[in-house]
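Reader: I'd like a close look at one part of this fold, and then how the rest sits around it. Could you walk me through it?

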Amino acid sequence: MNIIIINGPNLNLLGKREPEIYGSQTFESFYETLSQEFPQLTLDYFQSNAEGALVDKIQEVGFSVDGIVLNAAAYTHTSVAIADAIKAIDSPVIEVHISNPHAREPFRHHSYLSPVVKGCIAGFGLNSYRLALQSFV
Ligand code: DQA
């Protein structure tokens, strides 16, 4: 199975960014562990801070990969464009969050993506990504 992990804005700063919320591990080192843990999956990874680049990537891979694990970060709460892109493609998308947005500020309680994805996993730290990959296995 070909699975791509797509991360949105500021997730390139994992390890440095608000470690009390997001932990102290970089995504690159976590991704290396994941690749070893899931040898049966062909994994790919993309990160962008730009909404349009995320839409472009979803369109590019969304008719060929077997699954997309998407942490759209702050765009989760704002982006009709990313929701429309998810609706337009064939590949199933799992929405993941490191923190539990529902336990945080009210502006994080609404997701434009949740109604159009296959499932949501939030609040388990970086393990949220692992659980999403396990769901594909
Ligand atoms: C996040 C939660 C979002 O509310 C926030 O804007 C992020 C990260 C998470 O993984 O917990 O940047 O998606």
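Where is the place of Ala73?

Author: Ala73 sits in the loop between β3 (67-71) and α4 (80-88). Bear in mind that this is a predicted model. The backbone is what makes this spot worth a look: Ala73 has a positive phi of about 50°, although it is not a glycine. Most residues other than glycine have a negative phi. As for solvent, Ala73 has 11% relative accessibility, which is under 20%, so it counts as buried.

There is another case to set beside it. Asn10 also isn't a glycine, yet its phi is positive, at about 75°. Asn10 belongs to the loop between β1 (2-7) and α1 (19-22). Its relative accessibility is 36%, and because that falls between 20% and 50%, Asn10 counts as partly exposed.

β1 and β3 run parallel and are joined by 5 bridges. Zoom out and you get an open sheet of 5 strands in the order β2-β1-β3-β4-β5, with parallel pairing. At the edges stand β2 (42-47) and β5 (119-122); each has a single partner strand, so one side of each is left without a neighbour in the sheet. On average, neighbouring strands here are turned by 20° against each other, if you ignore direction.

Next, the helices that lie on the sheet. α2 packs on it by touching β1 and β2, and its direction makes about 165° with that of β2. Helix α3 (residues 51-61) lies across β1, β2 and β3, and runs at about 175° to β1.

α2 has a helix partner as well. The axes of α2 (residues 27-37) and α5 (residues 127-136) come within 11 Å and cross at roughly 30°. That angle is under 35°, so the two helices are roughly parallel to each other. The crossing of α2 past α5 is right-handed. If you want to colour the contact, pick Phe27, Phe30, Thr33, Leu34 and Glu37 in α2, which meet Tyr129, Arg130 and Leu133 in α5. Sorted by class, that contact has 5 nonpolar, 1 polar and 2 charged residues.

How values were computed
Residues numbered from 1 in each chain as written. Predicted model: local features only at pLDDT ≥ 70, side-chain atom pairs only at ≥ 80, totals over all residues. Heavy atoms only, no water. Axes fitted to C-alpha atoms, helices over the stretch in contact; angles between N-to-C directions. Helix = DSSP H or I, 4+ residues; strand = E, 2+ residues; numbered from the N terminus. Parallel < 35°, antiparallel > 145°, perpendicular 65-115°, else oblique. Left-handed = near helix turned anticlockwise from the far one by under 90°. Contact = heavy atoms within 4.5 Å. Nonpolar A, V, L, I, M, F, W, Y, C, P; charged D, E, K, R; others polar. Buried < 20%, exposed > 50% of the residue type's maximum accessible area, 1.4 Å probe, protein only. Pairing = 2+ DSSP bridges.
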